[in-house]
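Subject: Handing over the model

Hi,

Here is the structure I promised to pass on. Have a look at it first, and then read on for what turned up.

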Amino acid sequence: MPPSRTQNISAGEELRTSVGLYASGLGLLQSLDDGVSDFFHLPLLALQQGLERWVKISLCFRYLEQHGEFPAKSYFPPGKEGHNIQPLLDQLVSSAYTPDFESDCPCVKKDRVFLKSKHFRAYVIALSVFGVSSRYFHLNTVLGAGIDFKPPEQAWQELEGRVLDYNPKLRKAFEASDGGQESVLQLQDESRGILVRCGRALARLLAWGALGGKAKEYTGCVSKFLQLSDEDLVTVKFDLFQKDF
């Protein structure tokens, strides 16, 4: 059955919400650069919620393009597994990056390779673990629940450090400065740049037609990410409360 007017309106609102949460999460991460606070829980919460919802609404638009209707609620895994972003992103990548799409927009092949890369997947796994269980790590510890994961703050800081594994130049500068403040800030910029690149890739899917005509109508919601060049990925600034698109 073709979607109702209410469904179409809600699809646009869900997209706006997901992009706003993701962008705000990036802004919150940037706000921690001064070292005054180490409250990583809030940006992680916004990033996890934003990315999960962005991937899900993208899948809904893709389904609409293929079947003429939005999927049923059962389309997504129930319970905690519904917060696992990795299989959802795998599904989106395999469905949306068609040969025709990559032929029409050659640069998106690099997006597909990036979204499937081991480097980026480490971030997806970290956000998925946070969404599935680590959001309540400390409360569950208080309640005596058995937990196999690290505290989310520690896991995220270790994840940022993995940027050095893929950036020999930055590693050399970091080691030469003995972890000096300038190198730490550059490390944080590069780490956020990975997440910004993900946002740009998702924005391109929508704006360049891979998710269908109805999705493309909401291009304005992703314009912040869509306009970014490769050089902008580590320098772009996001508001703590991203509301303008």
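Let's start with salt bridges: the term is used here for a side-chain nitrogen of Lys or Arg within 4 Å of a carboxyl oxygen of Asp or Glu. Before the details, please keep in mind that this is a predicted model, where local features need pLDDT of at least 70 and side-chain atom pairs count only at pLDDT 80 or more, while totals for chains, interfaces and linings use all residues. Residues are numbered from 1 along each chain as its sequence is written, and side-chain values use heavy atoms, with hydrogens and water left out.

**Salt bridges**

Searching the whole structure gives ten salt bridges. One of them joins Arg53 to Glu14, with 2.7 Å between the closest N and O atoms. Arg53 belongs to helix α2 and Glu14 to helix α1, so this pair links distant parts of the chain, 39 residues apart. (Helices here are DSSP runs of H or I with at least four residues, strands are runs of E with at least two, and both are numbered from the N terminus.) Arg53 is partly exposed at 24% relative accessible area, and Glu14 is partly exposed too, at 22%. For these words the cut-offs are under 20% relative accessible area for buried, over 50% for exposed, and partly exposed in between, using a 1.4 Å probe and protein chains only.

Another salt bridge runs between Arg192 and Asp33, whose closest N and O atoms are 2.9 Å apart. Since Arg192 lies in helix α10 and Asp33 in the loop between α1 and α2, the pair ties together parts 159 residues apart in sequence. Arg192 counts as buried at 6% relative accessibility, and Asp33 is buried at 17%. Asp189 comes in here as well: Asp33, Asp189 and Arg192 form a network of salt bridges.

Then there is Asp90 with Arg121, at 2.6 Å from N to O. Asp90 is in helix α3 and Arg121 in helix α6, so the bridge ties together parts 31 residues apart in sequence. Asp90 is partly exposed at 32% relative accessibility, whereas Arg121 is buried at 10%.

Pro43 is part of helix α2 (residues 41-67) and is buried at 2% relative accessibility. Leaving aside residues up to four places away in sequence, Pro43 touches Gly25, Leu28, Leu29 and Leu32; a contact means heavy atoms within 4.5 Å.

**Aromatic rings**

Rings of Phe, Tyr and Trp (its six-membered ring) pair if their centres lie within 6.5 Å; planes under 30 degrees apart are stacked, over 60 edge-to-face, and the rest tilted. That rule gives ten aromatic pairs. In one of them, Phe225 and Phe238 have ring centres 5.3 Å apart and planes at 35°, so the pair is tilted. Phe225 sits in helix α12 (residues 223-226) and Phe238 in the segment after α12, so parts 13 residues apart in sequence are tied together. Both Phe225 and Phe238 are buried. Ring pairs also join them with Tyr22 and Trp54 in a cluster.

The ring of Phe238 has the charged end of Lys224 over it, 5.0 Å from the centre. (The rule is NZ of Lys or CZ of Arg within 6 Å of the ring centre and within 35 degrees of the ring normal.) Likewise, the charged end of Lys56 sits over the ring of Phe76, at 5.5 Å from its centre.

**Helix α5**

In helix α5 (residues 108-115), the buried residues are Val108, Asp111, Phe114 and Leu115. Seen down the axis, they fall within an arc of 105°, so they line one face of the helix; the arc is that of the directions from the helix axis to the C-beta atoms. They pack against α3 (85-96), α4 (99-104), α6 (118-132) and α10 (181-207).

Cheers
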